[in-house]
There are 2 protein chains.
Amino acid sequence: MENSEEQKYGVRKLEISDKSKGFIELLQQLSVCDSVSDRDFEDRFRELSAVGDDHVIGVIEDEASGKIIATGSVFIEKKFLRNCGKVGHIEDVVVDSSARGKHLGKRIVSFLTEHARSIGCYKVILDCSLENKAFYEKCGFQHKSLQMAMYFAHH
Amino acid sequence: MENSEEQKYGVRKLEISDKSKGFIELLQQLSVCDSVSDRDFEDRFRELSAVGDDHVIGVIEDEASGKIIATGSVFIEKKFLRNCGKVGHIEDVVVDSSARGKHLGKRIVSFLTEHARSIGCYKVILDCSLENKAFYEKCGFQHKSLQMAMYFAHH
């Protein structure tokens with residue numbers, strides 16, 4: 001049972017064909033995102049692929065529907081601090097609204113966290129709303145500080 | 001007067017010779033950082049230089065002492081969200097304890113923010129303690145959400 005769930009909802013890296021499996025539509029559940037042209041998608045995909053382990057996007061594909069139903073990304077910041085340490089930044093975690101309650105978010109976060117750990121980060125961080133705080137605490141995170149933002153007018 | 005302050009405390013990009021001007025010692029005022037070997041410093045410096053505008057470290061050098069007295073970094077995250085948008089992440093802002101009250105922190109943050117804006121980011125974000133919230137509000141930032149962190153045991 002455990003194993004079949006594991007297989008059914010395993011996390012893998014984003015593939016270029018995932019655009020046709022609803023990857024962008026999934027992101028639209030998280031934030032503003034118009035439709036992205038195939039060309040723009042491929043350009044960005046290749047740009048991110050080029051940095052390899054320094055930027056990884058995990059996805060869960062629903063085998064029955066062939067749709068991407070969960071995703072999240074982690075990229076690696078290289079510092080001088082902490083003896084030239086590295087930090088994983090988790091961004092853009094979202095689970096399809098029809099697939100909530102299956103712990104897919106936790107699977108995605110574990111995948112991203114494990115990636116950061118495996119390549120030697122001393123910590124992994126993310127920003128979330130107050131309503132998602134308890135979820136990330138269950139994933140092993142602790143509230144640390146405040147996120148501040150400045151939006152630029154031309155967007 | 002304004003101009004001479006501008007010249008005296010202008011922000012420039014980190015140079016490889018800044019290690020001998022107290023750059024690492026300055027970072028030690030911010031967080032845990034043992035001394036870094038010349039070799040490790042140069043390796044990390046070249047690694048960051050290789051990504052060009054995607055990771056910029058600003059510094060202010062005190063002309064009188066030849067020491068680096070303020071620094072901060074910004075790196076650029078490339079997303080699929082927001083129509084393949086880009087986000088600037090500000091990290092590791094610190095002003096030497098002997099040089100506080102000269103608005104050097106604000107100069108550093110402006111430099112980093114302007115860099116992010118100039119290369120087309122739709123926003124710039126950072127994490128800070130409650131005690132630094134008012135400073136970043138003066139810099140034009142707004143409190144947005146919570147920062148969560150997970151530290152790995154092997155560090």
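My entries follow, in the order in which I looked things up.

**Entry 1: cysteines**

I note that this is a predicted model. I looked for disulfides over all chains, and the count came to 0. I then took up A:Cys128.

A:Cys128 has a relative accessible area of 6%, so I logged it as buried. A:Cys84 has 15% and is buried. The cut-off for buried is under 20%.

**Entry 2: helix H3 of chain A**

I turned to H3(A), which covers residues 38-49. Its 12 residues should span 16 Å at 1.5 Å a residue. I found the end C-alpha atoms 16 Å apart, which agrees.

Which residues of H3(A) are buried? I listed A:Phe41, A:Arg44, A:Phe45 and A:Leu48. Seen down the helix axis, these buried residues fall within an arc of 105°, so they line one face of H3(A). An α-helix has 3.6 residues a turn, so residues three or four places apart point the same way. On the other side of H3(A), I found A:Arg39 and A:Arg46 exposed.

What covers the buried residues of H3(A)? From chain A, the cover includes helix H2 (23-28) and strand E2 (55-62). From chain B, it includes strand E3 (67-78), helix H4 (81-84) and strand E4 (86-95).

**Entry 3: aromatic rings**

I searched the whole structure and got 15 aromatic pairs over all chains. One of them is A:Phe75 with B:Phe75: the ring centres are 5.7 Å apart and the planes at 65°, so I logged the pair as edge-to-face. A:Phe75 lies in strand E3 of chain A and B:Phe75 in strand E3 of chain B, so this pair joins two chains. Both A:Phe75 and B:Phe75 are buried.

Next came A:Phe80 and B:Phe23. Their ring centres are 5.4 Å apart and their planes at 90°, so this pair is edge-to-face. The pair crosses between chains: A:Phe80 sits in the loop between E3 and helix H4 of chain A, and B:Phe23 in helix H2 (residues 23-27) of chain B. A:Phe80 is buried at 3% relative accessible area, and B:Phe23 is buried at 1%.

Last, I noted one aromatic cluster, formed by A:Phe23, A:Phe41, A:Phe45 and B:Phe80. A:Phe41 and A:Phe45 were on my list of buried residues of H3(A).

Terms used: Residues are numbered from 1 along each chain as its sequence is written. Chains are lettered from A and ligands numbered from 1 in the order in which they are written. This is a predicted model: local features need pLDDT of at least 70, side-chain atom pairs count only at pLDDT 80 or more; totals for chains, interfaces and linings use all residues. Side-chain values use heavy atoms; hydrogens and water are left out. A disulfide is a pair of cysteine sulfur atoms within 2.5 Å. Buried means under 20% relative accessible area, exposed over 50%, partly exposed in between (1.4 Å probe, protein chains only). Helices (H or I, at least four residues) and strands (E, at least two) are DSSP runs, numbered from the N terminus. The expected span of a helix is 1.5 Å times one less than its number of residues. The arc is that of the directions from the helix axis to the C-beta atoms. Contact means heavy atoms within 4.5 Å. Rings of Phe, Tyr and Trp (its six-membered ring) pair if their centres lie within 6.5 Å; planes under 30 degrees apart count as stacked, over 60 as edge-to-face and the rest as tilted.
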